[in-house]
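Thanks for making time this morning; I would like to walk through one chain with you. Please have the sequence and the model open while I talk.

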Amino acid sequence: MKKRIRLISSILFVLFCAGVFYILSVQSEYIEAERTCRKIQTDFTEDEADDSDEFYIDWKALKALNPDVAAWIDIPGTKISYPVLQGKDNNEYLRCDIYHNASRAGSIFIEHNNTKPFENYNTVIYGHNLESRGIMFSNLKKFSKTDYAKAHPVVYIYLPDETCLEYKVFSFHKVNADNTKIYCTDVSDTASFLQAVNKNNRLNPELDENRIQSVITLSTCTNADQNERFVLHAVSVQSE
């Protein structure tokens, strides 16, 4: 009996140690990912400013580092300010950083089916939700609060040709990862698409939908259900 108790205690101790080692290993990788994010921001951009015209990106150096860089996303007042990549498929940058190093944090990347990112009606951009470090797309869940969304109403997309696109925060909701309507990149029925975007919208945008020219869909895991995603939509609108 005592031998059995000692054996069970030993097994539990080993399992406990293995669990602690795994947690510490994961956290160590996330800390390294955070350092990498800061390095990219420091090496390739100047200090973030509220005025988008003052946000400088060294595109020549960034494209030389990785030709797959398609844009830079910046949401002033949040931690979201990263290069956006597009690989040959959606797995390429899921667990790989801009330096092509393996990384649990992965990269911010565009849906590979977006044949013309930011020209397609709906451009889908993915990023991990690393709650423990607050990096990548972790801040997206904060847009579930109307006050937060109002305080951070604009998403800027910078392109390698030095164009700056401005998108207004429009909708936040939770969807299933296999929601073909929300993740559609070849939208033919814009009215039906916007209806899906607004179906469970937690925000109350004061915007004439007829003025919407295009949409960016930012997607991240909820970390509560493997098949559930937080989604933030921001829209480009025609001038009045």
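Predicted model: local features only at pLDDT ≥ 70, side-chain atom pairs only at ≥ 80, totals over all residues.

Residues are numbered from 1 along each chain as its sequence is written, and side-chain values use heavy atoms, with hydrogens and water left out.

The chain has four helices and ten strands, where helices (H or I, at least four residues) and strands (E, at least two) are DSSP runs numbered from the N terminus. Read from the N terminus on, the order of the elements is α-α-β-β-β-β-β-β-α-β-β-α-β-β. Of the 240 residues in the chain, 47% are buried, and by buried I mean under 20% relative accessible area, with exposed being over 50% and partly exposed in between (1.4 Å probe, protein chains only). The chain exposes about 13300 Å², of which carbon and sulfur atoms supply 49%; these accessible areas come from the Shrake-Rupley method with a 1.4 Å probe, and for residues only the protein chains shown count as cover. Among contacts with a separation of 6 or more, 60% are between residues 24 or more positions apart, a contact being heavy atoms within 4.5 Å.

Let me move to the aromatic rings. Rings of Phe, Tyr and Trp (its six-membered ring) pair if their centres lie within 6.5 Å, and planes under 30 degrees apart count as stacked, over 60 as edge-to-face and the rest as tilted. By this rule there are eight aromatic pairs. In one of them, phenylalanine 55 and tyrosine 158 have ring centres 5.0 Å apart and planes at 40°, so the pair is tilted. This pair links distant parts of the chain, since phenylalanine 55 sits in the loop between helix H1 (2-44) and helix H2 (59-65), whereas tyrosine 158 belongs to strand E7 (residues 154-158), 103 residues apart. Both phenylalanine 55 and tyrosine 158 are buried, and together with Trp72 and Tyr156 they form one aromatic cluster.

Another tilted pair is made by phenylalanine 109 and tyrosine 126, at 5.3 Å centre to centre and with 40° between the planes. Phenylalanine 109 lies in strand E3 (residues 108-110) and tyrosine 126 in strand E4 (residues 122-126), so this pair ties together parts that are 17 residues apart in sequence. Here too, phenylalanine 109 and tyrosine 126 are buried.

Next, please look at helix H4 (residues 190-198), in which Ser192, Phe193, Leu194, Ala196 and Val197 are buried. What do the buried residues of H4 pack against? They pack against E4, E8, strand E9 (212-221) and strand E10 (228-237).

Now to the charged side chains, where a salt bridge is a side-chain nitrogen of Lys or Arg within 4 Å of a carboxyl oxygen of Asp or Glu. By this rule the count is four salt bridges. One of them joins lysine 39 to aspartate 43, whose closest N and O atoms are 2.8 Å apart. Being four residues apart in helix H1, lysine 39 and aspartate 43 are separated by about one helical turn. Lysine 39 is partly exposed at 43% relative accessibility, and aspartate 43 is also partly exposed, at 39%.

Lysine 88 forms a salt bridge with glutamate 92, with 3.7 Å between the closest N and O atoms; lysine 88 is exposed at 65% relative accessible area, while glutamate 92 is partly exposed at 23%.

A further salt bridge brings together lysine 168 and glutamate 166 (3.9 Å, N to O). Glutamate 166 is in strand E8 (residues 164-176) and is partly exposed, with a relative accessible area of 40%, and lysine 168 is partly exposed at 35%. Leaving out residues up to four places away in sequence, glutamate 166 touches Val154, Val155, Tyr156, Val235 and Ser236. Glutamate 166 and valine 235 are 69 residues apart in sequence, with their C-alpha atoms 8.1 Å apart in space.

Finally, how many disulfides does a search of the whole structure find? It finds zero, a disulfide being a pair of cysteine sulfur atoms within 2.5 Å. Cysteine 164 is partly exposed at 31% relative accessibility, and cysteine 184 is partly exposed at 24%.
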